[in-house]
Amino acid sequence: MTTAAVKATGFSRQRTRAALALTILPLMLLLAVIVAVGTGAVKIAPAQVLSIFLSPLGVAPLSAYDEQQAAVLSAIRLPRVVLGIVVGAGLAMAGAAMQGLFRNPLADPGLLGISSGAGLAAAMSVVLGFNLFGLYSLPAAAFVGSLISTVLIYLLSQRRGRVEVTTMLLAGIAINALCGAGTGLMTFLASDEQLRTITFWNLGSLGGATWPTVMSAAPLILLGVLVLPLTARALNALLLGESGAAHLGIPVQRIKWIIVTLVALSVGAGVAVAGTIGFVGLVVPHLLRLVIGPNHQTLLPASALLGATLLVLADLISRTIAIPAEVPIGIITALLGAPFFLFLLRRERREGVL
Amino acid sequence: MTRWTDEEVLFYAELDRACNLPRDAAPLLRVHDLSYSVTGRKLLRQVSLNLKAGELLVVLGRNGAGKSTLLKHLSGELQGRGVELFGQPLGHHKASETAKRRAVLPQQTALSFAFEVLDIVLLGRIPHGGRETPEDRAIAVKCLERVGLMGYEMRNIQTLSGGEQQRVHLARTLAQLDGAGRDRVLLLDEPTASLDLAHQHSTLRLARELCAEGVGVLAILHDLNLAAQYADRVLVLSDGAVLAHDIPAAALTCQTIHAAYGHEVLVTRHPCLNCPLIVSAS
Amino acid sequence: MIKRTLLASASLLLTPALAATIKGADGVAVDVFNPRRVVALNGTTVELIYKLGKQNTIVGTDITGTFPANKIAQVGHWAQLPAEGIIALKPDLVIGTADNFAAGKNGVVVEQLRGAGVKVLVLPRSDTGGLDGVKSRLNLLSQVYGVPSAAASLGKTFDTTLQIVRNNRPKVAPKVIFLYAHSASDASIYGTEGGANELIELAGGKNAAPFKETKTLTAEALVALNPDAIVMLKRGLDSVGGLNGVLKMPGVIQTNAGKNKRIYTVDDSIRWIGPRLPEFALTLAQQWKADFST
């Protein structure tokens, strides 16, 4: 018994790395945020950044700055960085949860029809002139669209109160195709300008982020980011299969419902305000699983941290690589993500892990 | 063809009695008149059985005889009338409570992610608390030792052989039942399927050890001689119906086996062990 | 801040007062005062400012601001304007058109710019309104720069050119299709709304497009419409491989335009209606007059 206890605390590569990751990742995020806040088309020196932040507290400026710098920092750059943190964390954690739920490392919130539903609703709001919420009509429509398609897929894959994950996959493919067709129709009906709006929305961007945008999306995304980790052990058990998890006393149907709801809310909100940003939800959990193992208790928080860091950095690149112009962030994440993903894939196949 | 003498039958009946708890003890698991059909095909016909504390009951039968369907009813994957666990209809207990005292080892568990072995075994501790404690880890290590996998704690499950993986999952079910009082049930679906000879026997010896600790173990097996050697009683299923539910010496007759499997066998006495020995006769 | 105010007061002493309050197309009145750093969005805005001789004030434009040839910093695509990128150019005025500001998140960007103290003047739409629209935008810009006489004389030049166009139209209006091609397999038709349509009608043609928007047209529908002339953007013609390429596109050779090789090219910027519209129309009208007189 004593020897067993000693062995139990022995060296675990995954656990050691996980502990290390959960120490390093917050620091990386902090660093990324500091760099992102201090960098942009408008020059604001670090001392000025600090002075602007401290000014509401009545601290005398360490370094003189003008009002416009303060406005750019607090009304343009900061909401954008915060939105990057929140959306990145939400996308990556949702990706990790979906991969656990589907027991498939290639699963993605897209399987729930979130992006395609949001895309169709966004295109419809643009083309049909939905204007109820002024400048926020498109995000509102996109969010509702993502929820509708997710609910539809969930209902379609339900049979006698049970949700079949395989059926869900197939229903997802069908609904995605339908939404794609609808979006195609909208594209066909769109004027040139509307077409541009749809195209750029699909490429994703954190541009145009304002505090109201952040405040409308953040609660929904943070709900997912904070509650999903509570399902970590259930997700671990689900890797044994649904019956295996049920034998461990996991209320499988309820857990599935909770996870799908949280993922739909957080990704739906993220997609609504930032458009479709690919590869974060796929690559981040995948990469982390290689380093710290598949245990969701560490994988979920680590994914959120790395996702936030990556999106903040991708946005930094997107808005600084072609100053004063901007490159859509979806292009950056795909350009960085796709080759990296292929590299991982080849490496894994060589090592025979996949 | 050798027939058992009445003397011998009696001997085994006594043996059976000796290794079981008192006859009047309520069975941990009781099935009464369970029938089940899918799209008009009867998979189970009026099956009745009981599993007592400390008993190893082996379920036998040819492919498609209804063994797995029966196990699914016992594990709660399928809900049928007439299944009682711990004296109450299945589903009466909360799922999380049931999981503390009943564990199920499926035929195969394919994991798509590279878990470390210890983490797999620790999954068995989920019913016992929200957070993983050092005690849980000690239990997990102990259970790995019991299945002969000491030192495998930090190995990647995907790099293990099929048999090793199966034993890891066995350790997981052991961890699940650890420290949960007397009334415990372990359901094993072909636990020896991917194991070599030595590990087949060590696994069933382990099942017997658990019985000695008071666990009621129900196992589906294909090897008649393993059943004969280790089972307290066997349940022979044929076409969804119970053909025999008795001690091995009484249940494993040439006629029953022929009726169950459609294959001629000779049943003789094991030269060194006090149990029947079944060999193919054609 | 103080430095900039000083600079402004100095210029006040040197030049006559040019302060004006101009109401934009979005209803927002903008106080302008001798702008020295202007971000001019939409190619026609840039062209108009050039026409007013104030091109030295332009410090930024979008990807469409390519004429006249210039080295102005570009802030990217007109449908995705970067707030911070524009502010970084330190403009004292941002001028754009209502149609461009309506695309994507540009509405939010305008709010962000104004929130950061940058003045934004919204001109009327550039994709509709014909030459009168150009004049009204020109008028607003002349107020911005305090040069109303320049606007008036430019307006007269337009009218003169337009008169020449009218005298040079073909007798019988040819049926015209504006083929908007990205490649031989990806082509659509400009509909009866927008700058292309204005051009066709000014030049004395009849737009045969059966719809308002930009849409794809099947080869059979093209044959059925049987246009007498096909107009393309210069880059569109290049993308399909020149005249021979167009004639090989499905349906084209079966039309009168294809049989008689009546393929015409116009400037790439035509979808936004700018000050060169009368010139473009004149060129086209003269070609048509020559080709369709018999």
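Modeller: Start with the chains. Two pairs of chains are in contact, and chains A and C share the most contacts. This is a predicted model, in which local features need pLDDT of at least 70, side-chain atom pairs count only at pLDDT 80 or more, and totals for chains, interfaces and linings use all residues. Residues are numbered from 1 along each chain as its sequence is written, while chains are lettered from A and ligands numbered from 1 in the order in which they are written.

Colleague: What makes two residues count as "in contact"?

Modeller: Their C-beta atoms, placed from the backbone, must lie within 7 Å. No contact joins chain B and chain C. The closest C-alpha atoms of chains B and C lie 41 Å apart.

Colleague: Which elements give two or more residues to the side of chain A that touches chain C?

Modeller: The contact takes 31 residues from chain A and 31 residues from chain C. On the side of chain A, the elements giving two or more residues are α4 and α8 (192-203). Helices here are DSSP runs of H or I with at least four residues, strands are runs of E with at least two, and both are numbered from the N terminus. The largest share of that side, seven residues, comes from α4(A).

Colleague: How do the residues of that side of chain A divide by class?

Modeller: They divide into 15 nonpolar, eight polar and eight charged. Ala, Val, Leu, Ile, Met, Phe, Trp, Tyr, Cys and Pro count as nonpolar, Asp, Glu, Lys and Arg as charged, and the others, Gly among them, as polar.

Colleague: Where does α4(A) bend?

Modeller: At R77(A), by about 35°. The bend is the angle between axes fitted to the seven residues ending there and the seven starting there. A proline, P79(A), follows within four residues. Just after the helix, R103(A) takes a positive phi of about 50°.

Colleague: What makes L238(A) buried?

Modeller: L238(A) lies in helix α10 of chain A. It has 25 C-beta neighbours inside 10 Å, so it counts as buried. Leaving aside its neighbours within four places in sequence, L238(A) is in contact with G100(A), L101(A) and A245(A).

Colleague: Now chain C. How do you know that its radius of gyration agrees with a compact globule?

Modeller: The radius is taken over C-alpha atoms, and the globule rule is 2.2 Å times the number of residues to the power 0.38. With 294 residues, the rule gives a value near 19 Å; chain C has 21 Å, which agrees. Its secondary structure comes to 13 helices and eleven strands.

Colleague: Which domains does chain C have?

Modeller: Domain 1 (14-148) and domain 2 (166-291). The bounds come from an automatic or database domain assignment. Their C-alpha centres lie 30 Å apart. In chain C, 16 residues of domain 1 are in contact with 13 residues of domain 2. The largest share of the domain 1 side, five residues, comes from α2(C).

Colleague: What makes α2(C) mostly covered?

Modeller: Eight of its nine residues are buried. Among them are V46(C), L48(C) and I49(C). Just after α2(C), G53(C) takes a positive phi of about 75°.

Notes:
Buried ≥ 20, exposed ≤ 12 C-beta atoms within 10 Å, placed from the backbone.
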